[in-house]
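User: I would like to learn how to read features in a protein model. Please give me the general idea each time, and then the case at hand.

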Amino acid sequence: MRCPPVSERRQRFNETFKEETVKFVQEQTKSLPQIAEELNIPVGTLRQWMGKYRKLENEPLASGDTLREQAHTITQQEREITDLKMEIDILKKAMHIFSKARN
C-alpha cells in the first residue's frame with residue numbers, strides 16, 4: 001500500500017497549538033479566511049477550533065473597560081448633541097427676533 005502524496009496527508013495538531021491558534025485568531029483584525037490562508041489551515045478547521053477553544057477574555061471588544069469607555073463616550077456625545085440642539089434653537093430665535101426688527 002502506498003502512502004498518499006504529501007498534499008493529501010492530514011495534518012495533526014496538539015491541543016496547545018489549537019488553543020494558541022484560537023487565541024491568535026481572536027487577537028487579529030483580519031478575517032478568518034485570511035488567517036487560515038496565512039497559517040495554511042482550512043477555514044472549516046479554524047471554525048471548529050474557535051467553537052471548542054474560544055475564550056471571550058481574549059477578545060478586545062469583550063473587555064469591561066472597553067465597554068465602559070464606549071458607554072462614557074456615548075454619554076458625552078449625547079450631551080454634546082443636546083447642547084448643540086439648544087444652541088441651534090437659540091440661534092433660530094435670535095435670527096427671528098433680528099429679522100423682525102428690520103421690518
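User: How far apart are the closest N and O atoms in the salt bridge that Lys18 forms with Glu15?

Analyst: A salt bridge is a side-chain nitrogen of Lys or Arg within 4 Å of a carboxyl oxygen of Asp or Glu. In the bridge between Lys18 and Glu15, the closest N and O atoms are 3.7 Å apart. This is a predicted model, in which local features need pLDDT of at least 70 and side-chain atom pairs count only at pLDDT 80 or more, while totals for chains, interfaces and linings use all residues. Side-chain values use heavy atoms, with hydrogens and water left out, and residues are numbered from 1 along each chain as its sequence is written.

User: Where do Lys18 and Glu15 lie?

Analyst: Helices are DSSP runs of H or I with at least four residues, strands are runs of E with at least two, and both are numbered from the N terminus. Lys18 and Glu15 both belong to helix α1 (residues 15-27). They are 3 residues apart, about one turn of the helix.

User: Is Lys18 buried or exposed?

Analyst: Buried means under 20% relative accessible area, exposed means over 50%, and partly exposed is in between, with a 1.4 Å probe and protein chains only. Lys18 has 16% relative accessibility, so this residue counts as buried. Glu15 is at 39% and therefore counts as partly exposed.

User: Which residues does Lys18 touch?

Analyst: Contact means heavy atoms within 4.5 Å. Leaving out residues up to four places away in sequence, Lys18 touches Phe13, Trp49 and Tyr53. Thr45 lies in helix α3 and is partly exposed, with a relative accessible area of 22%.

User: How many salt bridges does the count come to?

Analyst: The count comes to 2 salt bridges. Lys30 and Glu38 also meet through their side chains in a salt bridge, at 2.7 Å from N to O. Lys30 is partly exposed, at a relative accessible area of 37%, and Glu38 is partly exposed as well, at 47% relative accessibility.

User: Which residues of helix α2 are buried?

Analyst: In α2 (residues 32-39), the buried residues are Leu32, Ile35 and Ala36. Seen down the axis of α2, they fall within an arc of 100 degrees, so they line one face of the helix. The arc is that of the directions from the helix axis to the C-beta atoms. What covers the buried residues of α2 includes α1 and α3 (43-53).

User: What follows α2?

Analyst: Asn40 follows α2. Phi of Asn40 is near 60 degrees, a positive value in a residue other than glycine. Asn40 sits in the loop between α2 and α3 and is exposed, with a relative accessible area of 57%.

User: Which residues of α3 are buried?

Analyst: Leu46, Trp49, Met50 and Tyr53 are the buried residues of α3. They cover an arc of only 105 degrees around the axis, which puts them on the same side of α3. These buried residues pack against α1 and α2. The face turned away from the buried side carries the exposed residues Arg47, Gln48, Gly51 and Lys52.

User: At what angle do α1 and α3 pack?

Analyst: Axes are lines fitted to C-alpha atoms, for helices over the stretch in contact, and angles run from 0 to 180 degrees between N-to-C directions. α1 and α3 pack at an angle of about 95 degrees, with their axes 9 Å apart. The two helices are therefore roughly perpendicular to each other. Angles under 35 degrees count as roughly parallel, over 145 as roughly antiparallel, 65 to 115 as roughly perpendicular and the rest as oblique.

User: Which residues make the contact?

Analyst: On the α1 side, the contact is made by Glu15, Phe17, Lys18, Glu19, Thr21, Val22, Val25 and Gln26. On the α3 side, Leu46, Trp49, Met50, Lys52 and Tyr53 take part.

User: How many helices does the protein chain have?

Analyst: The secondary structure of the protein chain comes to 4 helices and 0 strands. Of its 103 residues, 14% count as buried.
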